[in-house]
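The stops below are given in the order in which to select them.

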Amino acid sequence: MENASAVGEFLLLGLTSVQELWPVFFVMFLIIYLTNLVGNGAILVIVTLEQRLHSPMYFFLGNLSCLDICYSSVTLPKVLANLISRRRAISFLGCITQLHFFHFLGSTEAILLAVMAFDRFVAICSPLRYTTIMNPQLCILLAALAWLISFFYALMHSVMTAHLNFCTARGSTVLNQWLLSVVTGGISMGAFLLTLLSYFYIMAFLLFKNQSCRMLHKALSTCASHFMVVCLFYGPVGFTYIRPASASSMSEDRMVAIIYSAVTPVLNPLIYTLRNRDVMLALKKTFSRKSFKDSQLH
């Protein structure tokens with residue numbers, strides 16, 4: 001690639017120029033990354049091993065946990081490496097690869113959250129037909145479409161970015177900006193609107209069916225964890241793309257990127273475990289089983 005030979009690497013600004021803070025940030029991000037791996041890894045294990053969690057809801061939760069592990073792994077290892085290195089740089093190929101997976105995993109999460117909202121809509125509004133509608137084939141198809149659509153969207157975006165002229169200011173970025181606005185906006189806003197539509201129908205169904213307070217609370221509690229994750233995901237994204245640009249936008253964008261690429265993937269497993277009785281029971285069962293085996297060995 002002609003552009004790749006012209007630009008070998010990019011220098012990274014880093015989080016701060018105060019060197020005394022680098023060890024503090026290193027420890028902080030290392031803890032965040034390890035917590036993400038352990039938390040989402042635990043969800044993946046129990047969803048796979050626990051038979052009672054073999055349902056569409058937990059199948060998609062397993063996909064979300066896998067996605068969160070990959071999402072943090074795209075950026076945090078490089079952040080950690082730069083915090084203990086005096087020369088902070090990334091190769092051209094490494095930058096394009098990171099860009100690809102960042103867009104790939106971000107758009108996958110947006111679509112996956114919409115699919116999870118649809119799953120909750122079917123479970124609450126058509127409980128008798130739930131197992132028929134959300135059959136294993138459809139679940140696999142929806143998950144596969146989320147990953148495939150996002151992969152090819154990110155591939156288009158990374159290829160277009162790779163062909164930009166980074167050596168001079170003469171290269172036009174109009175097409176890239178148009179693609180970012182139209183395609184990225186279409187995927188994210190489309191998924192967001194489908195998510196809101198699912199919740200609108202859920203609320204309308206519960207209100208018009210004159211459900212008891214107990215049934216209403218039970219139905220809403222099944223959606224609460226997912227709704228919190230949706231807010232955590234779309235909050236930073238909306239702040240980045242909707243607010244007007246300003247002189248301080250670069251530093252603000254940096255902090256927002258940290259939130260949805262490092263902090264949010266850590267909070268997701270906490271939200272689902274602390275608010276989900278089935279997951280908590282499965283965790284206790286898994287750990288008690290492990291403790292029993294360890295005691296038998298000793």
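Ser198 lies in helix H7, residues 174-208; helices here are DSSP runs of H or I with at least four residues, numbered from the N terminus. Ser198 counts as buried because its relative accessibility is 8%; buried means under 20% relative accessible area, exposed over 50% and partly exposed in between, with a 1.4 Å probe and protein chains only.

A note on the source: this is a predicted model, in which local features need pLDDT of at least 70 and side-chain atom pairs count only at pLDDT 80 or more, while totals for chains, interfaces and linings use all residues. Residues are numbered from 1 along each chain as its sequence is written, and side-chain values use heavy atoms, with hydrogens and water left out.

Next, select Phe104 and Phe151. The structure holds 13 aromatic pairs; rings of Phe, Tyr and Trp (its six-membered ring) pair if their centres lie within 6.5 Å, and planes under 30 degrees apart count as stacked, over 60 as edge-to-face and the rest as tilted. Phe104 and Phe151 form an edge-to-face pair, at 5.5 Å centre to centre and 85° between the planes. This pair links distant parts of the chain, with Phe104 in helix H4 and Phe151 in helix H6, 47 residues apart. Phe104 is buried at 9% relative accessible area, whereas Phe151, at 31%, counts as partly exposed.

Return to Phe118 and Phe121. Their ring centres are 6.2 Å apart and their planes at 40°, so this pair is tilted. The two are 3 residues apart in helix H4, and therefore separated by about one helical turn. Phe118 is partly exposed at 30% relative accessibility, and Phe121 is partly exposed at 24%.

Now colour the largest nonpolar core, which has 44 residues. Such a core is a set of buried Ala, Val, Leu, Ile, Met, Phe, Trp, Tyr and Cys residues joined through side-chain atoms within 4.5 Å. Helix H4 (92-125) is one of the elements that give two or more residues to this core, and the largest share, 10 residues, comes from H4.

Finish at Phe60, one of the residues with the most contacts inside this core. Leaving aside neighbours within four places in sequence, its contacts include Leu112, Met116 and Met134.

Terms used. Contact means heavy atoms within 4.5 Å.
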